[in-house]
Amino acid sequence: LHGAEAPPGTSVAVNLVAGETREGIELRMAPPNQGAGVPVAPPAKMPIVGPAMPLKGTAGRKIFTAEEPIFSAPCFDERKMYFGACDGNFYCLDKLTGEVFWKTEGLTRVDSNPVIHDGMVFFAAVDGRLLALDTKSGKTIWEQTFDGCGYTSPQIHDGKLVVATARFVLELNPADGKLLHAYPLPENRTPGDPGIVAVTDEFIVTVINTDFGFGDSNVGPSGTSTLATFSRDGTKKKWTVPLGGVSLCEIFCDEKHCFVGTRDGLVSAYDLNDGTVAWQRPCGPLFADHTNVWPSHGGVDTGKLLVFVVNHQAMGAPGALVAISKADGRVQWSIQTDTYLSGAAMTRNNSIVALSRTGQLFRVGRDDGSLQSSHTIHSGGGAGFAGMVTDGHYLYTYGDDKSIGRYDLRELAR
C-alpha cells in the first residue's frame, strides 16, 4: 500500500481462495474525474501450457520469403493474400502456394495492415503515403499523403475508409481518396504511433500516444496517451480521458462501452457516451512477478468475453491469454506460457489459437480456456517478432525472419 496515495485509516479487502497466497497488494487511487469504487475482480490461478508436440509434416510450412522482415498482417480474399514488408514492397500472393501474382515496389517500408474493399486494397507506407491498389493487377488507383499516417492501418466502415493521421482521424471516399470528414485530435500523435482506431455506427474511438518511444527489451514502450471519442453524426459530445501510459492494443467496442489495455497493466471499460469508467482490471497480479506486466495485444472479442494477450515486457518472461468479462471486468479464465506471446485469433470451431515468439502454437476453448492442443511450428523469428492471422481453416505467420508460413489448423488440432 502506497501511503502517499491513500489517507490515514485506508483499508483494502482481498478475496483469497483456499491455499492461495498474495503479496504486494497495492491500492490504486481512481484517476481524476473517473470516480471512486471502480470494481476490480480478484485474480484466478493460472494453468500453464505444457510441452508442445512436434509439427506434423502435412500441417504446414513456409510458403514465401521476402527480402526484409514482414510486420504487416496479411488480409485475404478467396484466392489471394496481401501484405507489405520492410523491403519497400507490397505483395499479392496465392494464399495456398505463396506464388507471387504481383508486387508494388518503391514504397520505402510498409508496416500497415491492409484492408480490402470493392476490388481495391488499402494500406499506408511509412513515408506517409496512403495507397489504393487494384487487387487484380496491383495498379495504383489513387494515392494521398498525410502527415503521421505511415504506421496506421486503415479500415472500412459503412463504405467509408477510416485512417488516423498525426492531427486527425479522417473519413475518405474509398473510390477516389477524397476527404469526407475530418475529426481533429485534441493533441498531436508522436511519430511512430500506430494510430489505433475503432469505429462503430455512432462513434470513432482512438488512442493518441504522445512522447512515444521504445526502450530496451526489459523496459518496453514509454510515453503518455489519451483516449478520444467522436460522435460520427455530431449529436453526442466528444470526450477525452488520460490513460495510464501508452496503448498499442486493439480497441474493442460494443453498443455501450469501449475497452482498451494500457502500459500500466490495466484493461479498462469506458462509457462511450461520456468516458466514465465502468470497470478496470489490473493484469499484474495474475503473475508471481507483477512488474512490467501489460496487455500488449488485443486478441479476440467473443461477444461476452475479451481475450487479451498479456505479457511481461522482457522477451524471455512469461506471457498469458486472459479472458475478461465485458460486463464486469472479472477474469473468466487465463492460461500462461513460459515465454512472450505474439497474438491470438478465433478459429472456425470457436476455439482460440495463440502463438509465442519461440514458435509454440496452442489452442484453447473459447468459453473456458481449456487446453486443446499445443505444437511447435515455424515462428517469425525465434526471440524476435512473430505475428499470426487466421483465414478459414488456416493460420498464417509472419515476422522478422522475413517469411510467411501457412498451417492447417485441422491438422494441428489432432
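I started with the largest cavity, whose volume is about 30 Å³. For the search, a cavity is a set of points on a 1 Å grid over the protein atoms alone where a 1.4 Å probe fits but cannot get out, and lining residues have an atom within 4 Å of a point. Grid points are joined across faces, edges and corners, and the volume is the space filled by probe spheres set on the points.

The model is predicted: local features need pLDDT of at least 70, side-chain atom pairs count only at pLDDT 80 or more, and totals for chains, interfaces and linings use all residues. Residues are numbered from 1 along each chain as its sequence is written, and side-chain values use heavy atoms, with hydrogens and water left out.

Next I asked which residues line the largest cavity. I found Val353, Leu361, Phe362, Arg363, Ser373, His375, Leu409 and Leu412. The elements giving two or more residues to this lining are β29 (360-365), β30 (371-376) and α1 (409-412); helices (H or I, at least four residues) and strands (E, at least two) are DSSP runs, numbered from the N terminus. β29 gives the most, with 3 residues.

Then I looked at the whole protein. I noted 1 helix and 33 strands. Of its 414 residues, 54% count as buried, meaning under 20% relative accessible area with a 1.4 Å probe, protein chains only.

Last, I checked confidence. pLDDT, the predictor's confidence in each residue from 0 to 100, averages 84, and 81% of the residues score at least 70. Over residues 1-44, pLDDT stays under 50. Where pLDDT is low, the predicted coordinates should not be read in detail.

Terms used. Contact means heavy atoms within 4.5 Å. Buried means under 20% relative accessible area, exposed over 50%, partly exposed in between (1.4 Å probe, protein chains only). On a 1 Å grid over the protein atoms alone, a cavity is a set of points where a 1.4 Å probe fits but cannot get out, and a pocket is an open set with protein on both sides within 12 Å along at least five of seven lines; lining residues have an atom within 4 Å of a point.
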